[in-house]
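Open the model in your viewer and keep the selection panel at hand. The tour below goes stop by stop.

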Amino acid sequence: PSTLCYARVIVTHTEKPVVLRVAAPVPLRRPFDYLAPEGRNQGSLSPGMRLRVPFGKREVTAILLEVVEEASVDAEQLRPALDVLDSESLLGPSMMALCNWSSDYYQHPIGEVFSAAIPKALREGRSLTETHWRLTTQGEGLPEGALSRARSQAKALSLLQRGEQLPETLKAEGVSSAVLRELTNKGLIERCRASAHIPSAALEQEGPPLGTEQAQAVEAIVGGSFSSHLLQGVTGSGKTEVYLRLIAACLERGEQALVLIPEIGLTPQTVKRFEARFKSPVAVLHSGLSDGQRFAAWQAAQAGTAGIVMGTRSAIFTPLARPGLIVVDEEHDGSYKQQDGFRYSARDVAVKRAQLEDCPVILGSATPSLESLENARRERYDHHFLRGRQGGGELPMLETVDLRGLHLNAGISDYLMAAIRDTVQIQKRQALLFLNRRGFAPTLQCHSCGWVAGCDHCDARLTVHMRKRCLRCHHCAAQRALPSHCPDCGGTSLLTHGLGTEQTEEFLRSVLRCPVHRVDSDAMRGADAMQSLLEVAHGEEPCVILGTQMLTKGHHFPAVQLVGVIDADALLYSADFRGEERMAQLVVQVAGRAGRESAGGKVLIQTHYPDDPLFGALRGGHFESITSSLLEKRRSSGLPPYGQLMLLRSDARNERDGEAFLRAVQKEAKPYLPSDCQLIGPLPSAMPRRAGRFRWQLWCLSASRRGAMTAARLLVDRAETLKKPRELSWFIDVDPSDV
Ligand code: ADP
Ligand code: ZN
Ligand code: ZN
């Protein structure tokens with residue numbers, strides 16, 4: 001023993017200690033240094049491996065970021081890591097680079113960024129499941145026909161000599177688990193992970209011959225290295241077919257494709273369409289999975305067994321063994337932006353990832369975001385158009401209905417009503433009505449004294465829900481029973497004002513003989529609700545489908561002949577600078593649901609402002625002229641995409657705390673701010689009080705991305721060092737989607 005000890009001392013004195021810089025699973029914006037566990041040298045360690053490390057009084061699983069020469073603290077203070085959990089990196093160099101970039105760009109603690117990239121089971125220290133059996137080195141050394149006296153053992157060995165096998169395969173060949181146990185005890189076989197086998201590129205089903213524009217797009221995008229593409233085409237123009245062709249080419253190269261879909265667009269139908277085309281398995285990742293399901297899909301992606309990985313926002317952080325293509329469908333969709341914690345945009349991360357992985361990325365939409373259009377205009381993205389509709393379905397005529405002075409029933413003019421009747425009763429088709437407000441009515445008021453039902457915790461009114469006989473706040477969890485009399489004066493005459501989907505549904509049910517389906521987050525609870533609605537929509541039965549923006553997300557409604565936008569004004573006037581962009585996208589998206597397979601679809605937009613230029617452009621079918629005038633407005637105000645926006649947001653129980661804190665940050669940061677950045681505020685948020693907390697924001701507008709990143713670091717650094725009231729919390733929102 002003494003010689004061993006001696007040897008170790010010599011080593012530590014002649015060689016510098018190996019210092020491991022790791023990300024710990026804590027909300028702190030800095031890495032931590034450790035010594036390598038005893039006996040581990042630098043050569044056996046690579047970024048992206050997991051380590052068990054002591055952390056305070058706990059032990060945690062950390063991710064190795066890099067091996068460094070010099071520790072950031074005194075060498076004597078370094079504690080050794082306890083164990084290395086992986087024999088190779090879980091993430092690989094480009095995913096490590098992506099996580100580091102995301103942490104820096106969004107100014108979010110690196111340890112929490114890894115939570116998006118690594119499933120919970122692994123972060124808790126579990127091992128990658130060893131699903132297969134293989135020979136040990138000793139087993140491989142055996143001659144062929146060894147153990148021939150124990151017949152079933154010999155059988156198992158000869159199967160494993162051909163390669164690793166699943167337990168089910170061995171069992172099917174008559175190898176019992178007792179036999180496997182005996183061979184394990186002899187040290188001849190062991191469990192292992194599946195080694196990546198290249199997924200099949202074979203097609204299950206041929207696609208249709210491509211149209212000219214589709215073929216041009218495929219031709220331009222196909223290929224192995226980094227390029228970014230914007231694919232613009234209305235619903236039904238054949239974008240998905242373009243994705244499918246590119247995926248086929250990707251699989252043929254032996255590579256994997258990653259497909260992002262908005263939250264609400266990821267239905268079993270969507271997945272089925274991809275599964276039906278390819279023999280290769282599709283791994284699906286979304287927020288509804290159990291930890292176990294997520295882990296399995298992640299492993300299939302990471303090991304390379306899944307040729308296609310499909311998922312919502314967070315799937316962008318799934319490692320792939322051989323990435324070859326990234327698709328972001330409906331790239332303008334709001335669900336790509338994470339609104340709490342790690343506030344990233346999956347669309348923007350996708351473009352960065354494609355660059356790091358050196359593969360093409362396609363952003364597809366009928367109504368691209370102004371950001372993407374501007375990137376295309378600056379030739380950062382190649383812009384491809386699919387102008388026609390497959391099957392020659394006409395694009396619907398768009399018409400505004402001037403509501404001024406008209407009599408309305410539950411928000412519906414006689415003109416729209418006549419069109420609905422004509423559609424469902426005469427044409428025997430379906431009508432789709434869009435109203436972006438759920439509940440029965442947004443306001444309850446006392447007719448005697450004027451009292452209005454407001455939320456106790458937010459600057460908001462309570463929405464009347466008749467079906468459930470309650471009042472609900474749509475901004476916090478507050479809910480109470482519908483009162484029978486006014487709490488202020490006791491009056492019993494309570495009126496509702498305004499309109500919600502419940503009310504319009506009730507009215508339509510009372511005047512129409514056909515079914516009326518309501519599609520909003522109240523009606524679409526449970527996994528089956530959307531499923532059965534889609535079955536209705538794919539049927540031929542005349543009906544009315546009435547819903548909120550849930551309707552606009554990528555679903556196909558082939559039998560819809562008429563689309564009605566009940567209250568376009570509610571969309572037009574919004575406090576958010578993106579209001580007009582969203583309204584134009586919404587109208588075009590809803591309009592895109594009409595008449596896909598039936599000629600002569602019609603879109604009626606009810607508004608009090610038919611002369612607004614936005615409607616003029618929509619009537620002319622010119623989404624482009626809307627977007628270019630909106631871009632012009634953004635340019636003159638320096639707002640995105642011409643300037644980069646960040647918000648430092650605070651919320652606190654005390655009304656003035658947030659303002660004071662942000663003002664202090666502003667004062668501290670101002671002298672060091674890059675010259676192309678400006679700070680605006682602090683301003684109260686659009687809804688200053690929400691769920692009992694007062695919210696303020698400090699705007700930072702930068703002319704360059706470099707300036708913005710410097711400013712983000714500066715603001716976060718100052719906010720972290722300044723003293724703040726204990727219960728105040730703050731966060732930075734880089735490229736916010738809502739202001
Ligand atoms: P999008 O994704 O733009 O909504 P899809 O790719 O789903 O469009 O195409 C709409 C419909 O047209 C689908 O039923 C699809 O199978 C069909 N389709 C697409 N491309 C072609 C083509 N080149 N020839 C015939 N049918 C096509
Ligand atoms: Zn009253
Ligand atoms: Zn509330």
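Select Cys 455: is this residue buried or exposed? Cys 455 is buried, because 23 other C-beta atoms lie within 10 Å. The cut-offs: buried means 20 or more other C-beta atoms within 10 Å of the residue's own, exposed means 12 or fewer, and partly exposed is in between, with C-beta atoms placed from the backbone.

Before moving on, some ground rules. This is a predicted model, where local features need pLDDT of at least 70, side-chain atom pairs count only at pLDDT 80 or more, and totals for chains, interfaces and linings use all residues. Residues are numbered from 1 along each chain as its sequence is written, while chains are lettered from A and ligands numbered from 1 in the order in which they are written.

**Stop 1: the cysteine site**

Stay with Cys 455. It sits in the loop between β19 (443-446) and β20 (463-465). Helices (H or I, at least four residues) and strands (E, at least two) are DSSP runs, numbered from the N terminus. Show its contacts: Ala 460, Leu 462, Cys 473, His 475, Cys 476 and Ala 478, leaving out residues up to four places away in sequence. A contact here means C-beta atoms, placed from the backbone, within 7 Å.

With Cys 455, they carry the UniProt feature "binding site", from an unreviewed entry. UniProt positions follow the numbering used here, feature names are shortened, and annotations may be inferred rather than shown by experiment.

Click Cys 476. Its loop runs between β21 (470-472) and β22 (479-481). Cys 476 counts as partly exposed, because it has 17 C-beta neighbours inside 10 Å. Beyond residues up to four places away in sequence, Cys 476 touches Cys 455, His 457, Cys 458, Arg 690 and Ala 691.

**Stop 2: ligand 1**

Select ligand 1 and its shell. It is surrounded by 15 residues, the closest being Pro 208, Gly 238, Lys 239, Thr 240 and Gln 390. A residue is near the ligand if its C-beta atom, placed from the backbone, lies within 6 Å of it. Which helix gives the most to this shell? Helix α10 (residues 239-252) does, with three residues.

**Stop 3: helix α3**

Go to helix α3 (residues 110-117). Six of its eight residues are buried, so α3 is largely enclosed by the rest of the structure. Pick out Ile 110, Gly 111, Val 113, Phe 114, Ala 116 and Ala 117; these are the buried ones. They pack against β1 (19-23), β4 (58-68) and α2 (92-105).

**Stop 4: Lys 186**

Find Lys 186 in the loop between α8 (177-185) and β7 (189-192). Lys 186 is partly exposed, with 13 other C-beta atoms within 10 Å.

**Stop 5: confidence**

Colour by pLDDT, the predictor's confidence in each residue, from 0 to 100. The protein chain has a mean of 89, and 94% of its residues reach 70 or more. Helix α13 (residues 346-357) has the highest confidence, at a mean of 98, and helix α1 (residues 2-14) the lowest, at 43. Over residues 1-14 the pLDDT is below 50, and beyond near neighbours in sequence this stretch has one contact in the model. Where pLDDT is low, the predicted coordinates should not be read in detail.

Zoom out to finish. The protein chain has 23 helices and 31 strands.

Technical notes:
Two residues are in contact if their C-beta atoms, placed from the backbone, lie within 7 Å.
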